[in-house]
Each structure stands twice: as structure tokens, then as C-alpha cells.
Amino acid sequence: MRSTDVPRKRLRHRFTAALATLVLPAAGLTAVTALATPSQAAATASAVTASYVKTQDWGTGFEGKWTIKNSGTTAISSWTVEWDFPSGTKVTSAWDATVTNSADHWTAKNLSWNGSLAAGASISFGFNGSGAGAPSGCKLNGASCDGGDVPGDAAPSAPGTPTASAITDTSAKISWSAATDDKGIKNYDVLRDGAKIATVTGTSYSDSGLTAGTDYSYTVQARDTADQTGPASGSVKVHTTGGGTDPGNPGGGGKVKMGYFTDWGVYGRQYYPKNLETSGSAAKITHINYAFGNVQNGQCTMGDSYADTDMAYTAANSVSGVADTWDQPLRGAFNQLRQLKAKHPNLKILWSFGGWTWSGGFGQAAQNPAAFADSCYKLVEDPRWADVFDGIDIDWEYPNACGLSCDTSGQDALKKLTTALRAKFGSSNLVTAAITADGSAGGKIEKNDYAGAAQPLDWYNVMTYDFFGAWAAKGPTAPHSPLTSYSGIPQSGFTSADAIAKLKAQGVPAAKLLLGIGFYGRGWTGVTQKEPGGTATGPAAGTYEQGIEDYKVLKTKCPSNGTVAGTAYAFCGSDWWSYDTPATIGSKMSWAKSQGLGGAFFWEFSGDTSNGELVSAVSSGLN
């Protein structure tokens, strides 16, 4: 049977790290750039600084950025930055500078267009690297990178992770332990949701003018006497009092209305976070699952770093209507989701890891759940985007069963992971999981202790779709998301009602179950029978994949002309499709409420119409 084994999560478009970067020429890696003369160094030593920050780390490599700042009163015409890496750490590609090396000593020199630096101006260049080391022995034009006389002076350390106190409807006090620096700390920048809101000399700050019942994230950065800024601290999340029900807690009275946003959708589909705003969908949902992060070597890793954190958005494609700049610290979908949250302060966003393609790494993760949870926490709570995410979702397809590959981790494997994730992420973050909807006798639900694994979780996303499809090329035609059984169904137990009933019987609370909706259809061609159960010759043509098509296309290409088991189907020409419509979604939401479920979720936003009619049906149906 293929029902719940099919690739519901479509394959991602892979992009190389090079993209628009300037890849180092092979010959350039062994050349040595001449240093500035002593007179040049003396002229700039007290006025020009260079600071380094690691902007991304994906386990097997990283991205670094140097920023040269002219704090003096006269312009400079060129710059050269030198540093040492420990053995095993190296630059693999660079942009906006010519980077060369002699063994472990690295030199970066300006290009023809960015050597001049006016008084008060700054310039940055970046690189991709491999290895785990950090730069040391920094020199700028032959002198110290912090403008002093001692080469190798480092930027300040990160301050301690802040703590929050005195939280009211409109204010909160943030405190932290001091950073260290060999030249002394000058002051601290306080950042709220990634934007600087204050600069203080002490180690606490009282923020005011906040909105009641709203989530905020605070980090702190130290600056030394040479005006070098160090890495950001860890983040602390604050939820102001008041403001009514917290939609992050389904037990608080509201229903969860959650949709998946895919990182690869920004390419061929050209579906951006802004579409959530222009369609009106962002105002009608409570949660977004951002898909997907990868699971490699037992750890959470980035899925597509370009789409996630580096892709530059034009003003037309940006949520805020402001174009990204080349040197801003965070771009990509993460920054756009940050802008979306600024418009919708109660919107929660989770980073989802795994999916059909990337579930193969969970088996190794289950061998050391604590290490897995630690890696996930460090990635999700990275100070550069900690304010974007409110928790983590794992999508393991399927523990102790077969999906794209087969797993034999045991019935308690998922429970080990969910328990470790809750222990690491704490009670202030959401922890959820997407799970099978195979309610057949001896099926996937029976292969796992879903009741035990649910205890540390906020909820399950039960994937009540993809029960049937054209991977069975000859048919019989059948709805891919039946709510209930019907006469002639190809496989008993392959319905939403059967899956929910089996999970409840196993001991999973109804309030921790979300009903899944597909924003797409599955179809066959070569069909001669309108009603379900017909034979076929193969999958119907689809825009991106055979046998599958977005609702927004099907509603006009092949309008529904029948219903079965609580979902719609359509027969047009020789094609037969099944998909949900606003009307069938409304009925499914009524059923979800009658069952006491925690809400509903859907895969995925880009399948909806430009005015979000399916999201509207989910939202209004759960009100």
C-alpha cells in the first residue's frame, strides 16, 4: 500500500552556495597580497576598524562577514584585512573582496569599486568557509583591527543571555551579565525582535510602550572602546500580560489554525511571505510551520540557507515594502517572516524539520535524543533569528515504519525525541510533530507509542491526506483525503475519522490533534467513469508534478462535480481529480469541532487562491 507513504512534501529545488557570489579563483588561493606601508597604517590606525561575525553555521560549513568602518574624519582609498585561521579552517569562496592565503594566514583586499571609504562610512565583505575555527591576529592596513596598536585585539565577547523581570501589560525589565574585552566595554546595544531600541552603559534596561498580550524577543550586543561590536547574546522571550487569550495555547480557548510555508516556494512558484499578507491569510491564522530544516548526522541543520537567510527581496516582494540591502545582517524568508510578525504580533511561527525527503536522519537522532535536541535549540534560537520562531516542529515520516526509507528505531523512538525537545526548549516554546494518519489494522499508528510521545507536545499535525493517488497508476480512482469511509474504498482505515479514532483510543487527547487539509488535488487520466472506483491509464498532468495540482488551478481547470466521504471530486474529459473546496473544508471544520480537536492545519499556502479562499474556509469554520 502506498497511501500514507507518498511524497506529500514536494522535492525542494536545490541551489549551490555559489549563487551570485564571486568564487575564489584557484590561482588566487596561494597568492599573498602586499600589506599597507607603515605610513598608511599610522594614518588609519586610530580611525579605521575591522570586526568579524559568523553569520551562518550549517554544520559542515559556515558564512563569515568582515565589516570595515572608518570612524575618522578623512577618507581612505584602500583597505587590506589579515587574519589567521587554525589548521583545518579555510575560506572556500568569497564576495566583495579578493581573498588569498599563505597556509593558515589569510588576506582580504578591496576590489576596484569598494576601496574608497569616506569618513563615517563602512563596507563589508563575506565568505563561505569550512572548519570550526575562529579568526585571530586581525590586522587592518598593518595595524590593529580595533584601531589600537596591538595586532590581534578581538571584538568583545557575547553578554550573558538576558533575563526578564517586572513584566506588565506594557513594559518589561531586561538584565544581563557583562561582556568582556581586553580594551574594556564601552556600552551595550539592546535589540527587540532583532532591531536596536536602546544603547546603555549598564547591564539592564527597562522597555516600555509595549502591547498587552504580545510576544517579544530581546538580545544584547556589547561594544568595546574601539567601537567594535561583539556577537549577540542568547535571546529571552517575553510575553506581556493582558491582551486576552494567547493563540499559542490551544487550551486557552481558541482553535489552532496553522499552515505550512515552504522554503522552496520562493523559487519557481514565486510565493513569498508577502503573499500571506496580500491574500489576507496572515490575519486569519494563528500559526505558521516553516518547512523544512534538515536532519543530518543526528542533528538539526539548515535546509536552504539561501532561501532562509540570504535571498535579497525587492521592495515589490517585501512584506514591509522596503528592499533588502546587500549588507543587512539578515535577509531571506526569515527576515520577511519577522516583518510579517511585526504586522501580526500574535502570530506564532515554528521551524519544521524533516518531511518526506529529509526524514532519514531521525533514526540516528533517536540514538542520542539530548544531543539532537541541543542542536535544534542552538539553531532555532540562534540570536540572529530567535525572535522569528516560537518553537519547533518535527516531521518524521515515519518512526518505526516505512516511508521514503524504513526505520527500525522502536516504538519509543519518537517519545525519546519529543521528551528531549521539551526538556531543552522549555515551557515557553511550542514543540509539535506531524504524524501518520494510517488508521488501518496493523498500520503505522500501531507501530509507535503516539500517546507517550504526545505527552511533552503541544499538539500533533495528523496528515489526513494522501491516502490515495496516482502512484497506483491504474487506479481505482479514490479521494486522497476522505473524511469518512464509503462503499468501495480501496483500503479500510484510510480515512481521517479512522485515524483520529485510533489515536484517541491509544490515549492521545483530542485537544492535541489537528486535522490536516490538502490545498491541492490528486488525479488520474484515461478515466471513463465519473464516480470513484474507475480504472485509469496513469497520473493526470500537473504543473510541477504528475498526478498533483494546486487547488487554485483545479477550481477552474476541472471544477468539482461530485462529493464522496466529505470531500470533492471532479471528472473532466478523461481526467479524474479529488480535492477539498471551501464547502468541504467547512464541513470538515465542523466535524473537527464536534470531535473536540485542537484545530486544523494545511499543506500548504501556495496552493490557495490569491485571495486565500481556502484559508478563509479553515478560519471561519473553526470560529
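I call a residue buried when its relative accessible area is under 20%, exposed when it is over 50%, and partly exposed in between (1.4 Å probe, protein chains only). I keep that cut-off at hand for everything below.

**Before starting**

I am working on a predicted model, where local features need pLDDT of at least 70, side-chain atom pairs count only at pLDDT 80 or more, and totals for chains, interfaces and linings use all residues. I number residues from 1 along each chain as its sequence is written, and side-chain values use heavy atoms, with hydrogens and water left out.

**The whole chain**

I looked up the helices and strands: the chain has twelve helices and 31 strands. These are DSSP runs numbered from the N terminus, with helices being H or I of at least four residues and strands being E of at least two. Of the 623 residues, 56% are buried.

Next I checked contacts, meaning heavy atoms within 4.5 Å. Taking those between residues at least 6 apart in sequence, 73% join residues at least 24 apart.

**T214**

Where does T214 sit? I found T214 in the loop between strand 14 (204–207) and strand 15 (215–224). Buried or exposed? T214 has a relative accessible area of 5%, so it counts as buried.

I then listed what T214 is in contact with, leaving aside neighbours within four places in sequence: V238, H239, T240, P345 and N346. The side chain of T214 also reaches the backbone oxygen of A212, at 3.2 Å. That is a polar contact, a pair of N or O atoms within 3.5 Å; within protein, one must be able to donate a hydrogen and the other to accept it, and residues adjacent in sequence count only if both atoms are side-chain atoms.

**Helix 6**

The expected span is 1.5 Å times one less than the number of residues. For the twelve residues of helix 6 that gives 16 Å, and the end C-alpha atoms are 16 Å apart, so the two agree.

Which residues of helix 6 are buried? My list reads P369, F372, A373, S375, C376, L379 and V380. They cover an arc of only 160 degrees around the axis, so they lie on the same side of helix 6. The arc is taken from the directions from the helix axis to the C-beta atoms.

On the face turned away from the buried side of helix 6 I noted the exposed residues A370 and K378. The buried residues pack against several elements, among them strand 18 (287–296), strand 20 (348–354) and helix 7 (413–425).

**Strand 18**

I followed strand 18 next, where nine of the ten residues are buried. Two strands pair if DSSP finds at least two bridges between them. My pairing table:

| Partner | Sense | Bridges | Opposite residues |
|---|---|---|---|
| Strand 17 (256–262) | parallel | five | G259 and I288 |

**A451**

My last stop was A451, in helix 8 (residues 450–454). The relative accessible area of A451 is 15%, so I put A451 down as buried. Not counting residues up to four places away in sequence, A451 touches Q506, G507 and V508. I also noted that the C-alpha atoms of A451 and P509 are separated by 8.2 Å, with the two residues 58 apart along the chain.
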